Amino acid sequence: MAKAKTAKAKPNPRNKKLYDDGMKMRKAVLGAAYVDNSMAGADDFMMSFQDITTEYAWGYVWTRPGLPKKTRSMLNLVMLACLGRMHEWELHLKGALTNGVTKDEIQAILHQIAVYAGVPLGVECFRAARKVFAEVEKGK
């Protein structure tokens with residue numbers, strides 16, 4: 001039986017300016033290829049979540065004054081680690097590198113995570129960081 005082809009879902013943000021600003025920021029931090037792939041893979045069910053993420057997280061929070069992107073990336077690494085969201089952690093580690101967070105700073109962040117959130121989590125983050133560093137060095 002052939003699989004039915006579904007039409008590509010289209011974004012439908014509530015605030016176009018926040019959405020557009022968010023999309024620009026999202027691509028700057030995570031990379032256009034990653035974001036474009038996420039958007040292309042979104043069906044009607046998932047597209048509403050893409051809209052919310054782009055508009056509010058990236059458009060409202062990430063573009064607000066008060067914190068530079070580098071600091072926001074550092075905060076995200078700690079929060080995502082503490083929540084155990086390692087897939088997102090790896091993605092945001094790549095974004096942190098894009099935003100100017102150095103390997104030495106990442107190492108210091110991982111020490112903070114290990115001491116305050118637990119050594120097993122620190123170990124997991126160090127492993128994930130080594131994986132991401134290798135991917136970035138290979139140009140992935």
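Start by selecting helix H4 (residues 69-83) and helix H5 (residues 86-98), whose axes come within 9 Å and cross at roughly 165°. Keep in mind that this is a predicted model. An angle over 145° counts as roughly antiparallel, so that is how H4 and H5 run relative to each other. The crossing of H4 with H5 is left-handed.

Now show side chains where the two helices meet. On the H4 side, pick Ser 73, Asn 76, Leu 77, Leu 80 and Ala 81; their partners in H5 are Glu 88, Trp 89, His 92, Leu 93, Gly 95 and Ala 96. Colour that H4 and H5 contact by class and you get six nonpolar residues, four polar and one charged.

Next stop: helix H6 (residues 103-117) and helix H7 (residues 119-138). Their axes cross at roughly 160° and come within 7 Å, which makes H6 roughly antiparallel to H7. Here the crossing is right-handed.

For the contact, select Lys 103, Ile 106, Gln 107, Leu 110, His 111, Ile 113, Ala 114 and Ala 117 in H6, then Val 119, Leu 121, Gly 122, Cys 125, Phe 126, Ala 129, Phe 133 and Glu 137 in H7. By class, the H6 and H7 contact comes to eleven nonpolar, three polar and two charged residues.

The structure has one aromatic pair: Trp 58 and Trp 62, stacked at 4.7 Å centre to centre with 25° between the planes. Are these two buried or exposed? Trp 58 has 4% relative accessibility, so it counts as buried, and Trp 62, at 7%, counts as buried too.

Key. Residues numbered from 1 in each chain as written. Predicted model: local features only at pLDDT ≥ 70, side-chain atom pairs only at ≥ 80, totals over all residues. Heavy atoms only, no water. Axes fitted to C-alpha atoms, helices over the stretch in contact; angles between N-to-C directions. Helix = DSSP H or I, 4+ residues; strand = E, 2+ residues; numbered from the N terminus. Parallel < 35°, antiparallel > 145°, perpendicular 65-115°, else oblique. Left-handed = near helix turned anticlockwise from the far one by under 90°. Contact = heavy atoms within 4.5 Å. Nonpolar A, V, L, I, M, F, W, Y, C, P; charged D, E, K, R; others polar. Phe/Tyr/Trp six-rings, centres within 6.5 Å; stacked < 30°, edge-to-face > 60°. Buried < 20%, exposed > 50% of the residue type's maximum accessible area, 1.4 Å probe, protein only.
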